[in-house]
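Please work through the following exercises with the sequence and the model at hand. Each task is followed by a solution in steps.

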Amino acid sequence: KAHKKTIRALRKKTTARTTDTPPVPTAATPPAECEHPHARREKSRYAGEIIYVDASMHRWFGNTVTALHAAIDDATGTVVGAYFCQQETLVGYYQLLAQLLRNYGIPAAFHTDGRTVFQYKKAGVRSTPNDTPTQFTYACQTLGIAVCPSYSAQAQGKVERLFQTWQSRLPIELAMAGVSTIEEANRFMSTQFLPSFNEQFASPVHPTMSVFEEQPSEERINLTLAVLTPRTVAAGHAIA
């Protein structure tokens, strides 16, 4: 959404241009400003080409603030996963990725924010091929999924607008369903809300217009979405 200051400046500029004598157009004349102060990027052509991933801390149900992790496909607008958790953590994103793999398959790329769940480096620091990946990024590399972090809300516009819609709609839906716990909220999202929401607002994923790879086996999902910790060897002992 544009700030009020941006809208006023655009309206003032447009009014001044219409009251003056219109200039003779030339080849160097720039195109007229569009109605929207912030031009939107053209969406992807194929389903699974870009998946936007983010989480929103909000009072979704009851009096407790919880984190709702969500992933939305850029081409079709399909919400391919949603998961409630106490905080925005690796566990929530792993559950989100598991839903996506089971229901749709392996996408081509994730567009994320700059949280340390996705990368260790600070914003503005150049990455190198020798960077140590995070747990989530390593799991994506194992599956062949590119992770593309960004550092502005505008770059995540599709998932940000999704949360704006849900923050005004979803708490009412959860209250009407009598949801009071995270377990009930996740069950309600997967069985009732998401199927209805996608049927109403998303475009269907056409098989010939999709780059989703075939769903991996349950064994591969469990092995890939694991939290890896280094083993420590006591002094005087060796690993056979």
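**Exercise 1.** Determine whether L228 is buried, exposed or partly exposed, and locate this residue in the chain.

*Solution.* Step 1: L228 has a relative accessibility of 47%. Step 2: buried means under 20% relative accessible area, exposed over 50%, and partly exposed in between (1.4 Å probe, protein chains only). L228 therefore counts as partly exposed. Step 3: L228 lies in the segment that follows α6 (218-224). Step 4: from L228 to Y138 the C-alpha distance is 9.9 Å, at a sequence separation of 90 residues.

The model is predicted: local features need pLDDT of at least 70 and side-chain atom pairs count only at pLDDT 80 or more, while totals for chains, interfaces and linings use all residues. Residues are numbered from 1 along each chain as its sequence is written, and side-chain values use heavy atoms, with hydrogens and water left out.

**Exercise 2.** Identify the residues that touch the most other members of the largest nonpolar core.

*Solution.* Step 1: a nonpolar core is a set of buried Ala, Val, Leu, Ile, Met, Phe, Trp, Tyr and Cys residues joined through side-chain atoms within 4.5 Å. Step 2: the largest such core has 25 residues, of which Y93, L97, F110 and F136 touch the most other members. Step 3: β1 (51-61), α2 (90-103) and α3 (135-143) each give two or more residues to this core. Step 4: the most come from α2, which gives seven residues.

**Exercise 3.** State what share of the 240 residues in the protein chain is buried.

*Solution.* Buried residues account for 36% of the 240 residues in the protein chain.

Note on methods:
Helices (H or I, at least four residues) and strands (E, at least two) are DSSP runs, numbered from the N terminus.
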